[in-house]
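Please take the time to look through this structure slowly, moving from whole chains to single residues.

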There are 2 protein chains.
Amino acid sequence: MTQPEPTGSGKEPLAAPDITPLLQTLGHWHALSPEIEAYLKQHVIACTARKRKMLLKEGAYCNYVYFIVKGAVRGFRREGPKDITTWIVLEKALVTSIFSLDERAPAIENIQTLENCELLALSYDRLDELYNLYPEFNLTARKVLQEYYADAERRAFIARLSNAEDKYRHFLMLHNPLANRIPLKYIASYLGMTLETLSRVRKKFMSRV
Amino acid sequence: MTQPEPTGSGKEPLAAPDITPLLQTLGHWHALSPEIEAYLKQHVIACTARKRKMLLKEGAYCNYVYFIVKGAVRGFRREGPKDITTWIVLEKALVTSIFSLDERAPAIENIQTLENCELLALSYDRLDELYNLYPEFNLTARKVLQEYYADAERRAFIARLSNAEDKYRHFLMLHNPLANRIPLKYIASYLGMTLETLSRVRKKFMSRV
């Protein structure tokens, strides 16, 4: 299995990719050199993906890092008959399967859009070339990874809480913008609780406001 | 609150730190330049820490990255009356509170030895200086972080599984060396199950061998 190309069916290439949001986001971690900006402008691909489009399927090789210009995306794994949502992110997030991209191995997770999305994509080969041509990009990547790693630890902590109210409280602290935007079934799957439990907990939290 | 110094009480400084295991481990990701090796030899501190020593307490600033030469270390957070173990690692692992170190913010987690440990420590200031003096170290750090980030995602997945047998099966796949070395109460805390459930599941797995 191979990962669908960003310009493949269901994702229409846009005429002149405006990668300003990506450059701004990366620049927040470390100022990009004019050479790195020029490289990204030349090689980043813009694409759209409809709601519930699979950007990566388990077993395929992850060949892209995506940046979300507009929309929402989730990662999930299958365990038996169940989907287990492992993360949900919005605009300005970078999205990939780090294990598959880094190790050049088949992905153990799925990546799916939850809304109609505008995305920017950089292929693994181009990213690798970018590191080789401009090694200072390692500094930006190191800072991005530090922050994303810390986020992964925070997500893992929420998953380890046993009490549903504690989980939802930590969810609101970490992911407030998701609460009234993402369908509840995905939030329930992310929090490892039934839809009924999530609805009950949400009612309690709303009545406190 | 401040983090205890690696040379503080309970941790005896060793005479001539041999940092070969650290250099070998880092070299596995990317060959280190002689300048970087020399810098590390000059600034890495060797120390020992007895079993159940706190290397970092919640609320303190994390000022060190540790490398485990010998021993076992866990990360945990408190939620109400409970300890929640978030990771357990052994020899050759790098250990820090990434959020606290990176953001220069009070730690939200605790780090504790589970065995008598031999450690190598590099302070935040020295690590920062290392990045500034030898920017090519960002490449090594980027590769380390990619791998550790992928590991964090795998740990989070285990935490999200609801079935105790599935959890233990994935635990054995990811952390086999821990199974017969680490006290069961920490493994139970890591897997989010009671000691009784863990013992029951382990018996089932052993009877299958």
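This is a predicted model: local features need pLDDT of at least 70, side-chain atom pairs count only at pLDDT 80 or more; totals for chains, interfaces and linings use all residues.

A helix, as the word is used here, is a DSSP run of H or I with at least four residues, and helices are numbered from the N terminus. Although F205(B) and Y168(B) are 37 residues apart in sequence, their C-alpha atoms are 8.8 Å apart in space.

Chain A can be considered next as a whole. Its secondary structure comes to eight helices and eight strands, and its radius of gyration is 18 Å, close to the 17 Å that the globule rule gives for 209 residues, so chain A is as compact as a globular protein of that length. Along its principal axes, the C-alpha trace of chain A spans about 55 × 35 × 30 Å, and 40% of the 209 residues of the chain count as buried. Of the contacts in chain A with a separation of 6 or more, 73% are between residues 24 or more positions apart.

Two helices of chain A show how such elements can be arranged. Two packed helices are described by the angle between their axes and the distance between the axes. Helix α7 (residues 184–191) of chain A packs against helix α8 (residues 195–208) of chain A at an angle of about 100°, with the axes 9 Å apart. Because angles of 65 to 115 degrees count as roughly perpendicular, α7(A) and α8(A) are roughly perpendicular to each other. On the α7(A) side the contact is made by L184(A), K185(A), I187(A), A188(A) and L191(A), while α8(A) brings L195(A), L198(A) and S199(A); by class, these are six nonpolar, one polar and one charged residues.

The partner of β1(B) is strand β8 (residues 117–123) of chain B, to which five bridges join it, and I45(B) has A121(B) as its bridge partner in β8(B).

Another strand of chain B, β7 (residues 110–113), has N110(B) and Q112(B) pointing one way and I111(B) and T113(B) the other way, and all are buried. Strand β2 (residues 54–56) of chain B runs antiparallel to β7(B) and is joined to it by two bridges, with L56(B) paired to I111(B). Strand β4 (residues 73–79) of chain B is also antiparallel to β7(B), through four bridges, and V73(B) stands opposite T113(B).

Finally, the two chains meet in a contact that takes 30 residues from chain A and 30 residues from chain B. On the side of chain A, β4 (73–79), β5 (82–89), α3 (98–103) and α5 (137–160) each supply at least two residues, and the largest share, 17 residues, comes from α5(A). By class, this side of chain A has 15 nonpolar, five polar and ten charged residues.

Definitions and conventions: Residues are numbered from 1 along each chain as its sequence is written. Chains are lettered from A and ligands numbered from 1 in the order in which they are written. Axes are lines fitted to C-alpha atoms, for helices over the stretch in contact, and angles run from 0 to 180 degrees between N-to-C directions. Angles under 35 degrees count as roughly parallel, over 145 as roughly antiparallel, 65 to 115 as roughly perpendicular and the rest as oblique. Two residues are in contact if their C-beta atoms, placed from the backbone, lie within 7 Å. Ala, Val, Leu, Ile, Met, Phe, Trp, Tyr, Cys and Pro count as nonpolar, Asp, Glu, Lys and Arg as charged, and the others, Gly among them, as polar. The radius of gyration is taken over C-alpha atoms; the globule rule is 2.2 Å times the number of residues to the power 0.38. A residue is buried if 20 or more other C-beta atoms lie within 10 Å of its own, exposed if 12 or fewer, and partly exposed in between; C-beta atoms are placed from the backbone. Two strands pair if DSSP finds at least two bridges between them.
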